[in-house]
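These are my notebook entries on one structure. I record what I looked up, entry by entry.

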Amino acid sequence: MIRAQTEWIVTKRGGRTASFDASLIGRAISNAFRAELNLADSQPLDDEIRMEIPEMVESVANEIAAAASSDAGIEVEKIQDVVEMTLMRQGHYRIARRYIVYRADRAKMRALRASSTELVEDVEEIKSTAPRFHVILMDGTKVPFDEARILARLSDACRGLEGDCSAEALLEEVMRSIFDGISVEELYRAMILAARTRIERDPAYDTVASRLMLKIIYNDALGNAPADVNELNQLYVDRFPQFLNDGIEAKRLTPDLQKYDLNRIALALEPKRDRLFQYLGLQAIFDRYLLHIDGRRIETPQYFWMRVSMGLAIQEPGDPTGRAIEFYNILSTFRFTSATPTLFNSATLHPQLSSCYLSTVNDDLDHIFKCVADNAKLSKWAGGLGNDWTQIRATNSHISGTNGQSQGVIPFLKVVNDTAVAVNQGGKRKGAVCSYLETWHMDVEEFLDLRKNTGDDRRRTHDMHTANWIPDLFMRRVREGGEWTLFSPNDVPDLHDLYGQPFENRYAEYEKMTETGEIKLFRRISAVELWRKMLTRVFETGHPWITWKDPSNLRSPQDHAGVVHSSNLCTEILLNTSKDETAVCNLGSVNLKLHIVDGQLDLGMLEETVRTAMRMLDNVIDINYYPTVEAKNSNTRHRPVGLGLMGFQDALLAQGISYASMQAVEFADASMEAISYFAILASSELAGERGRYESYPGSKWDRGLLPIDTLDLHEKERGVPIEVDRQTRLDWQVVRDSLAKNGIRNSNVMAIAPTATISTIIGVSQSIEPSYKHLYVKSNLSGEFTQVNHQLVIDLKAENLWDADMLEALKYYDGSVSEIERIPDYLKARYLTAFEVEPKWTIECAAHRQKWIDMGQSLNLYLEEPSGKKLHDMYMLAWERGLKTTYYLRTLAATQVEKSTVDVNKFGIQPRWMKNASASGDIQVDRDEAPAPPATMVTPGESCNLDGDCEACQ
């Protein structure tokens, strides 16, 4: 019981006195607990803590009673000292530390106010305070800091979200960052940071952060950020012509934009669509996509979408204004998004809109360095690169011109690596290239070691990606335990252009020539040992990626016009290359999530989206700025485009489907069939309107073969069954009839790219990826951002399960829900993370998509507890199911996020990642099964040199 509390007088700072109020102590202790546990004001403390707080208040009060003077009372600082000591005596050391920090923060806040009042409880009192601190406006004017104005702005950002968000709590966070002379921009950033740090508590704070971010953009681009919706709408329309004029005068936009009906264009703008962005998407476009002049953004988000649309419709005959508005309505509603180079450069003076460039390098010094120079030119304008280096003669092969010996392909790859570092895509993204080598090349073993951190650094390429280009014959010899022969390309010059049965026949002839002495430079090794080394390196370093030559060629629509010698940077583009042709691909992706309506795929909406998207992609080819002649030759002759998808995981969640299920496989099959159907049909109809591509005669399209038909061709040539069903759901005769009548506009129409950046912009899951984690920190060139799965929070709230304990458990289990006992089993199954989904499910989904796709997929593979046997089985299954390529191998690192804010003693079991960790931090792998001892684990977000995820394609 508290003794005689009403008799105590508390002496506050500045000499003011007040009667002792024990409830203030309880409030202070509660706030310290909330701060440490990262709880919102509306979230209750757990029962145990709430019961303990009154006991601590009584203890504090009794200690104060013993020390208080009836005349002089007791100083407030003494009371706070007692609170600290009481918390520590009760064993709450972290809470005591938080309380100390709280006191320091409050002292700073008091210094910001002229009054000695500790707590300002209403806006009128805030306004009456004479500020000591000032804000520097954009024109350099110094004005008094107005706390009430900040509170009003935060309250506006929280409007409609008051049940989940607190403007007052955000204000306290902002006040901790205030200093005299703070700029307006720094002040806005402080407000955004305050909201951003609370996103993990509730996704509603993401909305608050995005609203605050829009204020910054509007002030930059429009000169004002009116709160009134009608005023904002009118300002949007009125400022649009000035935006175009500013961009044209600054030589950032093409003057051709003035040819549009600008009044009609401006009236078509929908400012309310700015609210569709999540915060991270807005931050991404602000940092790298919105056009700027001297650091000031001149675009709003809707100006951005309209600028891209106008750039893509600029050569449309008839009604380009109408087409631009059609494109805008697809882009600005997030139904489809063009790839990053298109978003960067559309409607600019250098409209390099293409995503990927593929080239093959001849065994000639002039051509080698021409290709290196071409890489630099293509990278400058935001292209991702894929180079085929198989033709370069091997180490120690004879050079007739100098009568010397070759150093092989490795030294040239070092030059390629350094060129990619030097030319960084106009300063917007790091340059990126992937080099490919066929498995029979004599330098292949050194090629496998290029990304190692040990060895001669002159023969290492730490910044360049690498990929194996593997023939089916090698895979069969691995299965059979046979031998494999390595050659120098100058001794076997035709192998490079052969595939399928002709390759196997010729390869066997060359092996016989080694026995007769006709070929002297060769090496014979065990196919299993070489395969083991491939898997070891991809496990250790993430490279070289595993890709297959034969399915890429046997199923290519363009088998009559050349050979696919490699894929691209992200392993989804499969196009012919030669000395005269650098293959080019133009990409964009459908937002699959948005096409799930009432739990089903809306085919009518999807058809409309795909039809418009295909027109946009085809337009890129004619508008595009080509950095090299070879690129223009190839693109205008074959006109390939790559329509892909993103938000696959989100689409599954919208239907209540787990990734690890036959339902997911069936949806992957059905959704890709629909996209394939509409894409091929749309391209065929474009051919009826605009004409067929130049090299169409003799193509598989011309021969009446669709991607689904080529699966049987591949199986027959391989001699190994491809166990993927061939069922169809749609009436494909309609497509066949259109092809027979019109032909097709584009040699290739589909490819699934990583979409790392564009999926972030529109706020959906990447590409065809399962969820990495449900709570994690994403790092990219814009900074670090806490990400929480919004749909999971919605589902947990529906079960009344989203609270502080759940957040703490999510942190403890590193964003996984599988070991959180409170969560129902049906939600655990639905919300498996990428490492909890067995690889067979991602492979089966990919295989059922692949039968509909004329190019490939960027397919990451995840393995939670890697071993040699699991790696072998996983990649062998991918080959057996007919996949053309794979991308990164992701293995789970033993060391995870530090749990500094989590009470680990609260959880009685170790999370799965701790069980897998050895004392050294490495994952334990059975040496009898493993291809080699593990080295550095490749973890998501660390293995790619592009913003933590590969985004060179999109």
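I call a residue buried when its relative accessible area is under 20%, and exposed when that area is over 50%. I also note at the outset that the model is predicted.

Entry: Ser767. I applied this cut-off to Ser767, which has a relative accessibility of 1% and therefore counts as buried. I located Ser767 in the loop between α29 (756-762) and β23 (775-780). Its phi is positive, about 45 degrees, although Ser767 is not a glycine.

Entry: Lys251. I found a positive phi again at Lys251, here about 60 degrees, and this residue is not a glycine either. Lys251 lies in the loop connecting α10 (229-249) and α11 (262-268).

Entry: I looked up omega between His543 and Pro544 and read about -10 degrees, a cis peptide bond. Pro544 belongs to the loop between α21 (527-541) and β18 (545-548). I kept this entry because most peptide bonds are trans.

Entry: the whole chain. I counted 35 helices and 26 strands. Of the 954 residues in the chain, 60% are buried. I then took the contacts with a separation of 6 or more and found that 75% of them join residues 24 or more positions apart.

Entry: Ser634. I placed this residue in helix α24 (residues 629-638). With a relative accessible area of 3%, Ser634 is under the 20% limit and is therefore buried. Which residues does Ser634 touch, not counting residues up to four places away in sequence? I listed Glu581, Thr582, Ala583 and Val584, together with Arg639.

Entry: helix α9. I checked the length of α9 (residues 204-222) against its 19 residues. At 1.5 Å a residue the span should be 27 Å, and the end C-alpha atoms are 26 Å apart, which agrees. How many of the 19 residues of α9 are buried? I found 18, so α9 is largely enclosed by the rest of the structure. Just after α9 comes Gly223, with a positive phi of about 80 degrees.

Entry: α1 and α2. Two packed helices are described by the angle between their axes and the distance between the axes. For α1 (residues 22-37) and α2 (residues 47-67) I read a crossing angle of roughly 135 degrees, with the axes coming within 9 Å. The two helices are therefore oblique to each other. The crossing of α1 past α2 is right-handed. From α1, the residues in contact are Ala22, Ile25, Gly26, Ile29, Ser30, Phe33 and Leu37; from α2, they are Ile49, Ile53, Met56, Val57, Val60 and Ile64.

Entry: α19 and α20. The axes of α19 (residues 472-480) and α20 (residues 500-516) come within 10 Å, and I read a crossing angle of roughly 70 degrees. This pair is therefore roughly perpendicular. Leu473, Arg476 and Arg477 of α19 meet Phe503, Glu504, Tyr507 and Glu511 of α20. By class I recorded 3 nonpolar and 4 charged residues in the contact of α19 with α20, and no polar ones.

Note on methods
Residues are numbered from 1 along each chain as its sequence is written. This is a predicted model: local features need pLDDT of at least 70, side-chain atom pairs count only at pLDDT 80 or more; totals for chains, interfaces and linings use all residues. Side-chain values use heavy atoms; hydrogens and water are left out. Axes are lines fitted to C-alpha atoms, for helices over the stretch in contact, and angles run from 0 to 180 degrees between N-to-C directions. Helices (H or I, at least four residues) and strands (E, at least two) are DSSP runs, numbered from the N terminus. Angles under 35 degrees count as roughly parallel, over 145 as roughly antiparallel, 65 to 115 as roughly perpendicular and the rest as oblique. Contact means heavy atoms within 4.5 Å. Ala, Val, Leu, Ile, Met, Phe, Trp, Tyr, Cys and Pro count as nonpolar, Asp, Glu, Lys and Arg as charged, and the others, Gly among them, as polar. The expected span of a helix is 1.5 Å times one less than its number of residues. Buried means under 20% relative accessible area, exposed over 50%, partly exposed in between (1.4 Å probe, protein chains only). A crossing is left-handed if the near helix is turned anticlockwise from the far one by less than a right angle, and right-handed if clockwise.
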